[in-house]
Amino acid sequence: MSKQEPLLEVRDLKQHFPISSGSILQKQVGFIRAVDGISFDVYPGETLGIVGESGCGKSTTVRSISQLHKPTSGSVFFGGIDLVTADKHQMLKARREMQMIFQDPYASLDPRMTVRSIIAEPLVIYNRRGLLEKPLTNIEIEHRVEDLMERVGLNKLFKNRYPHEFSGGQRQRIGIARALALNPKIILADEPVSALDVSIQSQILNLLSDLQKEFGLTYIFIAHDLAVIQHISTRVAVMYLGKFVEVSDAVRLYDNPLHPYTTALLSAAPIPDPTVEKGRQRIILSGDVPSPDQERFGCYFYERCPKRMPWCSCHIPPMFDYERDHQVACWLYDTTRDYQNVSMEEAQKAAASSQVV
Amino acid sequence: MNLKPDAKVVLEVKDLQTYFKTDAGIVKAVDGVSFKLHEGETLGIVGESGSGKSVTNLSVMRLIPSPPGKVVGGQAFFEGTDILALSEKEMRKIRGAKISMIFQDPMTSLNPFLRISTQMVETLRLHNKELSKEEALERSIEMLHLVGIPNAEKRVRDYPHQFSGGMRQRVMIAMALSCNAQILIADEPTTALDVTIQAQILELIAKLSVKMGTAVILITHDLGVVAGMCDHVCVMYAGKIVERAETGKLYAYPAHPYTEGLIKSVPRMDTTKKGERLFSIEGQPPNVIDLPPCCPFHPRCHKAMEVCHHAYPPLRELEKGHEVSCWLYVDEKERVYE
């Protein structure tokens, strides 16, 4: 897979949201560092799963990639252009190939539009501007809508109905049909199954993997459910406080989690089997995810880490290559030096001197 | 998970029926639910949204908004009395003191205008009139310590918004258990929380139920949570309990096709293989308005038979403690309808 050209390249992406205070004179008092410098590649045909707790920046990451929020810094290369600096016209072209599916199937469909107009909207817009490969007539658009509805498992006779007449799972199917309308290359799925019941969740997961095989789609798939991520992804990125802490091939990550956070996350996720549950050792993390509003000089996970060392308090770990396709941002895996015996004073001295340089 | 074999029954719900009147018709949210809760037991109630799991427990707590809702039938025996027949005044003595409840969203169940101390002292003094304010405050702090809130003496003076989601749920648990309740009903207590926080809260509930001898009813849609926490599980579908068994039995030998489908359709981290299709139950959960007298699961069931279209299956005991309501387990001669 690594020989292929990446479809999407993200480099040092940062998304900081200003915090303002004051009732009349608004002053900026700081930043929420929602995404704080992440880099990754996505290869054609794969599914990159992003997993993490709420507030760790998963959704902001995909929204920054699709330029729904303009990133603070960094670059996103897609189809040969940098989306961060792209103009409106280039962006419109890029969006044809990059579509999103949202979490809440109730909020992401306009209640005043019929299913037909929801699914046809992207086609109509791109058709009017002449951005489709070949212009479509109204009848062709109609046929395309019907095809899409059948493909995602909706009865095409329902095309004149409104979203409120459908259940959550069916609405998510409408959202998927809308995302597929322009034949995109990559779909950014932001927690597409979190709001659904178990039996519906498995229907949607199966549909997404069928569509991937059929159309050769690439997914960036966000979820907080580790089992769902493991099921659907080829590679998994674990996020914590706006940074990737571990990126790995999905199977390897679950067999051999390296980062202390990944280990804790995996051990905290319940497994639906009482015999397995009884014999499991849980690593219970203390405390909550800290607020991302302050600048950090040490490892982002330092406060909650069960394996923390003095060194970690004042040095941000880079991504270390553990093996091929398995990177981890933790000082425990720096093969050049063992930090176990470094005292707090030495660590702080080293940090101070490196800042001067 | 500290159920003794000879534990006595603390709550017995018999044939509970709760209906809601709507413009579209009568919604039979709960229709003939019976279960027993033993001392020290953790009972899981699982089901999809709309299956009636929350309404069952709200009915027991007498918290169904009426109108439109009404408990139209059934009994719930607690300490020998039918609490569904009690007057509101008598019920108030039980609710919060002997049976208490924690909800899914801890932000909406705490009053944002009042300090934690005010809310906890109020609960305590309402149920124990002899308690002075100082004693009640002391007890509140003690409870906050017990649920693992650091610096409880200071934090008790804080407002709910100063706590994070997980901490708020801890406060709710402290409040619910402050009067030494015998039964704790936890309605999706961890659904709004992250996995690492969920693990903390579940461990806390399990630890406290052992320590204080509280019986717990855990309502959830997460089969993983049930597997780790509960002694017995009831599976609900369309307002009825379709299967009830010991947790181990239920996962190893699910009898009802719905239970089987539910267990198989959850991806598992440890055994599900890559690229394998998930088992899925086709179709949608039924609308519970004007359900015809048939098995409500038959349109989605892969083992449906002729009889399933015409009558609701009776409850059959497969072995001790394992009951299922499905025509598959009824003798062919007895499969009569009309």
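Two residues are in contact if their C-beta atoms, placed from the backbone, lie within 7 Å. Keep in mind that this is a predicted model, where local features need pLDDT of at least 70, side-chain atom pairs count only at pLDDT 80 or more, and totals for chains, interfaces and linings use all residues. Residues are numbered from 1 along each chain as its sequence is written, while chains are lettered from A and ligands numbered from 1 in the order in which they are written.

**Exercise 1.** Work out how α3(A) and α4(A) meet.

*Solution.*
- Step 1: find the helices (DSSP runs of H or I, at least four residues, numbered from the N terminus). α3 of chain A covers residues 115-128 and α4 of chain A covers residues 138-151.
- Step 2: take their axes, lines fitted to C-alpha atoms over the stretch in contact, with angles from 0 to 180 degrees between N-to-C directions. The two axes come within 10 Å and cross at roughly 135 degrees.
- Step 3: name the angle. That makes α3(A) oblique to α4(A), since under 35 degrees counts as roughly parallel, over 145 as roughly antiparallel, 65 to 115 as roughly perpendicular and the rest as oblique.
- Step 4: list the partners. R116(A), I119(A), A120(A), L123(A), V124(A) and N127(A) of α3(A) meet I141(A), R144(A), V145(A), L148(A) and M149(A) of α4(A).

**Exercise 2.** Describe the side of chain B that touches chain A.

*Solution.*
- Step 1: count residues. Chain B brings 39 residues to the contact and chain A brings 35 residues.
- Step 2: pick out helices. In chain B, α8 (195-212), α9 (223-229), α10 (247-252) and α11 (257-265) each supply at least two residues.
- Step 3: find the top contributor. α8(B) gives the most, with seven residues.
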